[in-house]
Amino acid sequence: MKFGRTTVSDEIPTASMADIAFLLIIYFMVTTTFAATRGLDFALPKDEDNPPMIEKEESVLIEIGPSGNLVVDGQPMTLDKILEYLKPKLERNPNKPVIIRPDSSAPYGAMVKVFDELRRGAEKGVEVKSISIPTQREIDQFWY
Amino acid sequence: MRIHAGKRQVPLIPTASMADIAFLLIIFFMVTITFEVDKTQVTLPDTQLRFEVPKKSAYISVTEDGTIRVSTGEEISVVVPGPEDVLSFAASVVAADPQKVFVIKADEAVRYQIIDRVIDALKQAKVETLYLLSRAETVESAAGGTAGAPGTGGG
């Protein structure tokens with residue numbers, strides 16, 4: 001009587017390894033979302049009981065109207081003219097504070113655009129060292 | 001005369017390194033994946049200056065209709081009833097980590113009043129660093145921006 005002997009392979013079957021790996025790749029590719037993780041940094045001032053008083057005449061006031069229109073020191077102005085307007089003032093006093101005061105119904109995007117423009121001033125030789133965006137509570141408490 | 005055919009060559013594509021390549025790609029995706037804690041769909045304002053937001057920052061998202069969502073940066077964001085609730089949220093986050101960075105992810109068309117109250121709450125909670133999330137400004141968006149139009153209204 002003849003006994004048939006089956007030989008058992010000692011190799012680990014790796015043929016399906018690539019299939020599994022590619023399935024995982026597809027999963028990661030589908031679930032990966034490229035999140036927007038960049039923005040403008042904004043150092044908040046310390047909440048002091050006695051903030052330094054700034055004379056109204058010393059600062060530049062940029063008001064943003066409900067439609068996003070800009071009024072700088074009482075004069076209507078376009079965004080691209082702000083740095084031009086600030087240049088001589090900052091040459092005389094490099095620490096001149098610039099205050100951004102958006103209207104309560106102004107679009108948030110308009111404030112960000114003004115803030116971005118002022119921050120980019122350094123590239124154009126008009127470095128604005130002090131940019132302040134007071135909140136309504138601060139205005140009610142300290143504005144005069 | 002019998003002609004012996006040569007040893008028949010079986011066409012094979014070498015696939016031994018396929019798994020290695022695939023696993024390299026998996027490692028790449030696993031390392032670079034960041035789980036978005038806030039999936040709120042908003043139209044971010046455009047800016048030319050943009051800095052990388054530190055990982056695990058706390059998020060405050062505001063949609064155009066004024067809905068506010070908050071996230072500590074570890075969990076999925078949740079809706080809060082109003083800007084007043086941002087103060088208690090921010091205070092608890094700052095108490096756990098005083099250096100925590102906060103991010104405002106707001107729609108560009110949202111009324112500033114809401115953002116003002118959110119920023120005020122963050123100031124009161126003694127948050128030190130805040131990021132205003134934005135998208136890169138393109139030539140088209142720069143030409144069609146809302147700010148910059150001359151006008152007479154004031155704040």
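Author: Arg38(A) stands opposite Glu52(B) in E2(B). This is a predicted model, where local features need pLDDT of at least 70, side-chain atom pairs count only at pLDDT 80 or more, and totals for chains, interfaces and linings use all residues. Residues are numbered from 1 along each chain as its sequence is written, with chains lettered from A and ligands numbered from 1 in the order in which they are written.

Reader: In what sense do E1 of chain A and E2(B) pair, and over how many bridges?
Author: Antiparallel, over 2 bridges, with E1 of chain A spanning residues 38–43. Strands (E, at least two residues) and helices (H or I, at least four) are DSSP runs, numbered from the N terminus. Pairing takes at least two DSSP bridges.

Reader: Switching to helices. At what angle do H1(A) and H1(B) cross?
Author: Roughly 25°, and their axes come within 9 Å. That makes H1(A) roughly parallel to H1(B) (angles under 35 degrees).

Reader: Which classes of residue make that contact?
Author: The contact has 16 nonpolar, no polar and no charged residues. Nonpolar means Ala, Val, Leu, Ile, Met, Phe, Trp, Tyr, Cys and Pro; Asp, Glu, Lys and Arg are charged; the others, Gly among them, are polar.

Reader: And overall, how many residues of chain B are in contact with chain A?
Author: 57 residues of chain B, with 56 of chain A (C-beta atoms, placed from the backbone, within 7 Å).

Reader: Which element supplies the largest share on chain B's side?
Author: H3(B), with 9 residues. By class, that side of chain B has 30 nonpolar, 16 polar and 11 charged residues.

Definitions and conventions. Axes fitted to C-alpha atoms, helices over the stretch in contact; angles between N-to-C directions. Parallel < 35°, antiparallel > 145°, perpendicular 65-115°, else oblique. Contact = placed C-beta atoms within 7 Å.
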